[in-house]
Each structure stands twice: as structure tokens, then as C-alpha cells.
Amino acid sequence: MFVEENHFYFMKDSYFRDFPEAGLMPNKIIVNNAVHDRPAYFALRDSTDPEILWFIPISSKISKYKRIAEEKKRKFGRCDTIVFGDILGHECAFLIQNMCPITSRYIENEYMDHNHYPVRIPYRLEKTLSKKVRRILLLEGQGKRITFSNVMKIKHDMLERAKTGKAPSA
């Protein structure tokens with residue numbers, strides 16, 4: 001599957017089996033007795049390895065994440081781990097704090113609008129997300145834990161898995 005940066009995708013269940021330490025939100029929810037893909041992830045390409053994409057989950061729980069973002073701003077003077085923006089006319093929270101590395105092997109399908117076009121966001125929001133993700137990854141690379149899971153270890157394990165075709169030894 002060809003994967004484009006700055007588009008939205010859904011993960012395969014195999015990612016959750018292969019990388020349980022990622023601590024991600026459940027992959028599927030049931031609405032009116034039907035299974036729906038959730039959550040959608042915004043994709044950014046890794047600056048050092050083009051095989052890797054960084055998937056940022058989105059959430060519609062705006063009031064919850066606004067409270068968390070305000071608390072972080074009070075405590076640290078800024079919040080780079082949660083960004084708010086509109087998707088298809090609805091405000092959503094982009095949860096950089098929950099981002100994870102992924103390869104195309106683990107991507108189920110692309111998030112499309114009701115006219116079957118890829119869901120997109122404004123350019124300014126793309127740039128804001130990219131800047132904050134790059135900053136967080138720089139800090140993570142320096143050994144500072146900002147995200148909930150150890151994204152650098154997952155990235156390393158994912159690259160090892162891609163090279164050898166199997167899970168790295170513990």
C-alpha cells in the first residue's frame with residue numbers, strides 16, 4: 001500500500017499483537033452493533049528512516065483533552081503533546097503524547113470522507129503538528145520520555161522486525 005504523509009489511516013490488529021507495549025487505544029469500537037475502525041491516525045514520515053511513519057491518534061473527547069492541555073500549560077508553560085484542529089467540520093484532539101511508529105505493513109486502510117476522498121486538514125495545522133512531533137522526537141531521542149510509550153524502543157524493534165522478518169529477542 002502506498003502511504004502518503006499528512007493523510008489519515010487505520011491500523012491493522014496485528015500491530016497491537018506485535019507491539020503491545022505501545023499502549024494504544026483499542027482498535028475497534030462497536031456503534032449500533034456494527035464494528036467501526038477507530039481511532040484514525042494522522043501520518044507523518046520519519047526524518048531519518050523513510051520506512052517509518054509516525055501515527056498520531058485523534059480523539060473527539062475535546063473537553064477531556066482541553067483540561068489536560070491546560071494543566072500542562074500551567075505546569076510547564078506549554079503543551080506540545082496535544083494539538084486541536086478540525087477534521088471534517090468537527091474539532092478533534094491530535095494526541096502526540098500517544099503517537100507511535102509504524103510501517104506500511106501494519107496499515108489497514110485510509111480514512112476517506114463520504115465522497116471517498118482522503119480526509120485532509122489545513123496546511124497550517126499540518127505544519128504545527130509536524131513541528132511539535134519533530135520537537136518531541138528530538139527530546140525522546142535524547143532519552144527524555146515525553147510520550148506514554150517508549151517510542152524509540154518500538155521504532156528500533158519495528159526496524160529489526162522488518163530486517164529479520166521476526167520479532168526481536170527480549
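Predicted model: local features only at pLDDT ≥ 70, side-chain atom pairs only at ≥ 80, totals over all residues.
1. Asparagine 6 counts as buried, at 14% relative accessibility; here buried means under 20% relative accessible area, exposed over 50%, and partly exposed in between (1.4 Å probe, protein chains only). This asparagine lies in the segment before β1 (8–11). Although asparagine 6 is not a glycine, its phi is positive, about 70 degrees. Histidine 116, likewise not a glycine, has a positive phi of about 70 degrees. Histidine 116 is placed in the loop between β9 (107–110) and α3, and at 64% relative accessibility it counts as exposed.

2. Residues are numbered from 1 along each chain as its sequence is written, and side-chain values use heavy atoms, with hydrogens and water left out.

3. The overall architecture is as follows. The protein has four helices and nine strands, where helices (H or I, at least four residues) and strands (E, at least two) are DSSP runs numbered from the N terminus. Along the sequence, the pattern reads β-α-β-β-β-β-α-β-β-β-β-α-α. Of the 170 residues in the protein, 45% are buried. Among the contacts with a separation of 6 or more, 65% are between residues 24 or more positions apart; contact means heavy atoms within 4.5 Å.

4. Which residues does lysine 72 touch? Not counting residues up to four places away in sequence, lysine 72 touches Gly77, Arg78, Cys79, Thr81 and Gln97. Lysine 72 is found in helix α2 (residues 62–76). Lysine 72 is buried yet has no salt bridge, and the nearest side chain of opposite charge, that of aspartate 80, is 10.0 Å away. For charge, Lys and Arg count as positive and Asp and Glu as negative, whereas His and the chain ends are not counted. A salt bridge is a side-chain nitrogen of Lys or Arg within 4 Å of a carboxyl oxygen of Asp or Glu.

5. The C-alpha atoms of lysine 61 and cysteine 92 are separated by 7.3 Å, while the two residues are 31 residues apart along the chain.

6. The second largest pocket holds about 270 Å³ of space. A pocket, on a 1 Å grid over the protein atoms alone, is an open set of points where a 1.4 Å probe fits, with protein on both sides within 12 Å along at least five of seven lines; lining residues have an atom within 4 Å of a point. Grid points are joined across faces, edges and corners, and a volume is the space filled by probe spheres set on the points. The lining of the second largest pocket includes Lys72, Arg78, Asp80, Gln97 and Arg135. The elements that give two or more residues to this lining are α2 and α3 (123–141). The largest share, three residues, comes from α3. By type, the lining residues divide into six nonpolar, two polar and four charged; Ala, Val, Leu, Ile, Met, Phe, Trp, Tyr, Cys and Pro count as nonpolar, Asp, Glu, Lys and Arg as charged, and the others, Gly among them, as polar.

7. Side chains of opposite charge can pair when their charged atoms come close. A search of the whole structure finds twelve salt bridges. One of them joins the side chains of aspartate 80 and arginine 78 (2.9 Å, N to O). Arginine 78 is partly exposed, with a relative accessible area of 42%, whereas aspartate 80 is buried, with a relative accessible area of 7%. The side chains of arginine 135 and aspartate 80 also meet in a salt bridge (3.0 Å, N to O). Arginine 135 lies in helix α3 and aspartate 80 in the loop between α2 and β6 (82–87), so this pair ties together parts that are 55 residues apart in sequence. Arginine 135 is partly exposed, with a relative accessible area of 33%.

8. A further salt bridge links the side chains of aspartate 157 and lysine 153 (2.6 Å, N to O). Because they are four residues apart in helix α4 (residues 151–164), aspartate 157 and lysine 153 are separated by about one helical turn. Aspartate 157 is buried, with a relative accessible area of 10%, whereas lysine 153 counts as partly exposed, at 42% relative accessibility.
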